[in-house]
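Subject: The two-chain model, handed over

Hi there,

Here is the model I promised you, with the sequence alongside. Have a look at it first, and then read on for my notes.

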Amino acid sequence: MKKIVLAGAFVGLGLLVACQPAAQKAEAPKAEKKAEKKKLSSKEKFKIALANQDKWQKACSNPTQLVPEGIDIETFKKEMLATVKFPEGGVVGKNIARGEKLFGDPKKGGKSRRGNCYACHCGDPKIIACGNIGPSLRGYGKRGIDPKETYIRIYNSWAQNPCSVMPRLGYHGVLKPEEIADIVAYMHDPNSPLNK
Amino acid sequence: MRKRVLLTSAVLAGGAFLTAAVAQEQLPTHLKELLELGMHPGHAYVDEGREMFHTPGPNGKSCATCHGQDGAGVNGRLNLQGAYAKMPRYYKDIDRVADIDTRILACMTKYMGYDKKDKKFMKQFKKWSGPYRVPLASYVASLSNGMKIDVKLDDPQEKELYKMGEKLWYMRVGARDFSCGICHTVLAGKRIRLQGLPDPVKNKVYAHWPAYRFGSDRMWTMEDRVRSCFKAYLLYTKQWSKKDWVKKPPPFSDWVIALELYMKHAANGAIIEVPGLLR
């Protein structure tokens, strides 16, 4: 408990420093630079990383790993949906090849660590090393799913399925909106190996 | 009742057979040959650890000076046979709960003349392939082979750490919204790619750790295992990026020991059989 409070105080301090007016900042640039240069220890870093847990993650942190009683699921979904940012060019991107690379792998082993889809889903029948945590995505484009729904699911899966194990890839910035749009394009393209 | 038992045992036997078959299939040829010769690759670490155990440190004392030849104790004291079964536990001399890695480091720096501030030594100690931590942990753990895991939560520090471990186990955090529990409790039995997800809490897998993992071709202590798991969380301090990635909790830290305590307490009663051989 003490640790969490400490870490909270640390983050708070950081915010305070960041929110100071520009004039004050100019007064002591050296001191600030020094403070910035002072490297955090691995212990401090880990503490901050744990304290970065957001309120939705906190809600899911129970033995069932689901939305607990007392929290309205519909509100949860709405709040998550509000975080979704859409790319300017629409939810279906143009660079299908990049979508495939992010989804699976440049060399078709499926081990892209960006999208990392094959860790949990199967897709391209040629890629056998696929997980079974999520549903298979073979024939995904033929299921009549709205690409916008696909986009939202990848950007923030908790907008549709709160506390799901599927990472909120767009929400955390693991993937950029344009990159997600390219993945959507790959998944819905009739010529994609997923849909053949 | 009987039917149910029969069915379970049939399912279990089938499962065991399948696992064995899969394990055989996944075992690289050179390891298969070694096993056929009766040579477990992890035993090399145990042997190395035994040698280190009897090697004097900078002040002339070796582990065996206090713990006796082969850890059998001196005048009936500090016998290490069965010590691993009770770890992690509270140690009065260092005033903290320690797992095997932490305990070994404490012994070496407190009683054998190694210096914690000596960067070269610490680097060697933390290193996977170093001569100290992994071999000694494997050897000392192997002295408890055949005994039942018996982790007690008597000390207030142990209780506190256990609670912290349980909380950490279910804590969703990081850019992937992971927790230990979502994969290893809720989704246990499923696969990440081709790697099966064990349930260390229910299935007492701790009995096989430290383990030789042929996927990486080396011995892992549970400290290594827990810390490496955190890499998948994509933890960060400011915002997610590769530069801001907090890959692992610091070694010998309470977070790691808390999770070890939580898992090993759940494995109470399981018979220790180390080194394990895992994928």
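In which sense do strand E5 of chain B and E9(B) pair, and over how many bridges? The two strands, E5 being residues 211–213, run parallel to each other and are joined over three bridges. Within this pairing, B:Tyr212 sits opposite B:Leu277 of E9(B). Both strands belong to an open sheet of three in chain B, ordered E6-E5-E9, with mixed pairing. Its edges are strand E6 (218–220) and strand E9 (276–278) of chain B, each of which pairs on one side only. On average, neighbouring strands of the sheet are turned by 35 degrees against each other, direction ignored.

For the complex, the predictor reports an ipTM of 0.84 and a pTM of 0.83. Chain A has a mean pLDDT of 85, with 80% of its residues at 70 or more. Residues 11–28 of chain A fall below 50, and that stretch has four contacts in the model beyond near neighbours in sequence. Chain B has a mean pLDDT of 88, and 89% of its residues reach 70 or more. In chain B, the pLDDT stays under 50 over residues 5–25, where the model has zero contacts beyond four places in sequence. Where pLDDT is low, the predicted coordinates should not be read in detail.

**Chain B as a whole**

Chain B contains 11 helices and nine strands. Of its 279 residues, 38% are buried. Taking the contacts in chain B with a separation of 6 or more, 68% are between residues 24 or more positions apart.

The chain is divided into domain 1 (2–36), domain 2 (43–142) and domain 3 (156–278). The centres of domain 2 and domain 3 of chain B, taken over C-alpha atoms, are 23 Å apart. Their contact involves 22 residues from domain 2 of chain B and 19 residues from domain 3 of chain B. On the domain 2 side, at least two residues each come from helix H3 (43–53), strand E1 (89–91), strand E2 (96–98), helix H5 (100–111) and helix H7 (133–142) of chain B. H7(B) gives the largest share of that side, five residues. By class, the domain 2 side has 14 nonpolar, three polar and five charged residues.

**Where the chains meet**

Overall, 28 residues of chain B are in contact with 29 residues of chain A. The chain B side divides into 17 nonpolar, five polar and six charged residues.

**Backbone details to check**

Most residues other than glycine have a negative phi, and most peptide bonds are trans.

Two cis peptide bonds come up in chain B:

- B:Trp209 to B:Pro210 is cis, with omega near 5 degrees. B:Pro210 lies in the loop between strand E4 (195–196) and E5 of chain B.
- B:Val274 and B:Pro275 are also joined by a cis bond, with omega about -5 degrees. B:Pro275 is found in the loop between helix H11 (254–266) and E9 of chain B.

Then there are two residues with a positive phi:

- A:Asn116 is not a glycine, yet its phi is positive at about 60 degrees. This residue lies in the loop between helix H7 (96–103) and helix H8 (147–155) of chain A. Is A:Asn116 buried or exposed? A:Asn116 counts as buried because it has 24 C-beta neighbours inside 10 Å.
- B:Asp177, likewise a residue other than glycine, has a positive phi near 55 degrees. Its place is in the loop between helix H8 (156–170) and H9 of chain B. With 26 other C-beta atoms within 10 Å, B:Asp177 is buried.

Happy to go through any of this with you.

Best wishes

Conventions: Residues numbered from 1 in each chain as written. Chains lettered and ligands numbered in written order. Predicted model: local features only at pLDDT ≥ 70, side-chain atom pairs only at ≥ 80, totals over all residues. Pairing = 2+ DSSP bridges. Helix = DSSP H or I, 4+ residues; strand = E, 2+ residues; numbered from the N terminus. Axes fitted to C-alpha atoms, helices over the stretch in contact; angles between N-to-C directions. pLDDT = per-residue confidence, 0-100. Contact = placed C-beta atoms within 7 Å. Domains from an automatic or database assignment. Nonpolar A, V, L, I, M, F, W, Y, C, P; charged D, E, K, R; others polar. Buried ≥ 20, exposed ≤ 12 C-beta atoms within 10 Å, placed from the backbone.
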